[in-house]
Amino acid sequence: EHIGGCSPLTNPREKTAAAARESWEEAAAAPPGGKMSRGANKKDVRYQSPLEAQRRATQQQTLQINLAVLTRIDPSVVEIMDMAGHVVVYRFDQDTGGWQKIDIEGSLFVIRRAQHPTHRLFVLNRSGIHNYEQDVTHDMLLQVEGSYLILRPPSSSTIIGMWFYKDEEHVAITTLVQSIVQYL
């Protein structure tokens with residue numbers, strides 16, 4: 001199904017959808033307790049330069065801090081599955097046929113929760129006091145248009161567009177959210 005005349009969701013990521021699902025299933029099977037997906041990979045035993053090791057350690061510390069912040073907001077958060085450093089949230093205005101920027105932009109997190117709904121998109125807003133939260137469900141409609149992830153929740157006529165600053169984060173988040181929707 002198409003939203004707002006956009007082309008169907010494609011998977012431009014180098015990982016296949018099956019590999020993304022396998023990665024997600026491993027994370028979903030992990031016990032609660034703050035496991036974070038991005039960071040050191042136990043299967044990767046190749047040599048790391050001290051600079052690379054320091055970069056990975058810094059990423060891991062940042063994820064731990066972000067997990068603590070998100071857990072204060074929503075105590076049922078158990079994992080940050082992935083994140084994007086900067087997104088801007090837009091709402092499609094069906095009367096004018098255009099996109100309107102809403103006062104929400106900041107870091108986007110794909111989180112796993114201990115309670116139902118088990119997955120959520122969460123934008124920690126840097127522009128205002130209200131954050132953006134959207135549950136990820138099996139009947140959510142997703143589309144990709146350029147650097148945007150366009151979604152429509154199942155019980156709403158509201159269409160949301162998220163613009164990503166970095167293309168690689170856009171691809172990674174889109175692939176992950178698509179695999180979650182297919183898995184649910």
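Predicted model: local features only at pLDDT ≥ 70, side-chain atom pairs only at ≥ 80, totals over all residues.
Residues are numbered from 1 along each chain as its sequence is written, and side-chain values use heavy atoms, with hydrogens and water left out.

**Stop 1: the whole chain**

Show the cartoon. The protein has three helices and seven strands. Helices (H or I, at least four residues) and strands (E, at least two) are DSSP runs, numbered from the N terminus. Along the sequence the pattern reads α-α-β-β-β-β-β-β-β-α. Of the 184 residues, 43% are buried. Buried means under 20% relative accessible area, exposed over 50%, and partly exposed in between (1.4 Å probe, protein chains only). Now take contacts (heavy atoms within 4.5 Å). Among those with a separation of 6 or more, 56% join residues 24 or more positions apart.

**Stop 2: the sheet**

Select the seven strands. They form an open sheet in the order S4-S3-S2-S1-S7-S6-S5, with antiparallel pairing. Two strands pair if DSSP finds at least two bridges between them. At the edges sit S4 (132–135) and S5 (141–145), each pairing on one side only. From one strand to the next, the twist averages 30 degrees.

**Stop 3**

Start with S1 and S2 (residues 98–113). These strands pair antiparallel over 12 bridges. Pick Ile80: its bridge partner in S2 is Ile111.

Move on to S3. S2 and S3 share seven antiparallel bridges. Val110 has Leu121 of S3 as its bridge partner. The two strands form a hairpin with five residues between them.

Is S3 largely enclosed or open? Six of its seven residues are buried, so S3 is largely enclosed by the rest of the structure.

Step to S4. S3 and S4 pair antiparallel over four bridges. Leu121 has Gln134 of S4 as its bridge partner. Here too there is a hairpin, with six residues between S3 and S4.

**Stop 3: helices on the sheet**

Select S1 again, with its 12 bridges to S2. Axes are lines fitted to C-alpha atoms, for helices over the stretch in contact, and angles run from 0 to 180 degrees between N-to-C directions.

Next, helix H3 (residues 167–183). H3 also packs on the sheet, touching S1, S2, S3, S5, S6 and S7 (160–164). Its direction makes about 105 degrees with that of S1.

**Stop 4: aromatic pairs**

Rings of Phe, Tyr and Trp (its six-membered ring) pair if their centres lie within 6.5 Å; planes under 30 degrees apart count as stacked, over 60 as edge-to-face and the rest as tilted. The count comes to three aromatic pairs. One of them is Tyr90 with Tyr148, edge-to-face, 6.0 Å centre to centre with 65 degrees between the planes. Tyr90 lies in S1 (residues 77–93) and Tyr148 in S6 (residues 148–152), so the pair ties together parts 58 residues apart in sequence. Tyr148 is partly exposed, with a relative accessible area of 31%.

Finish at Phe92 and Trp99. Their ring centres are 5.1 Å apart and their planes at 65 degrees, so this pair is edge-to-face. Trp99 is partly exposed, at 40% relative accessibility.
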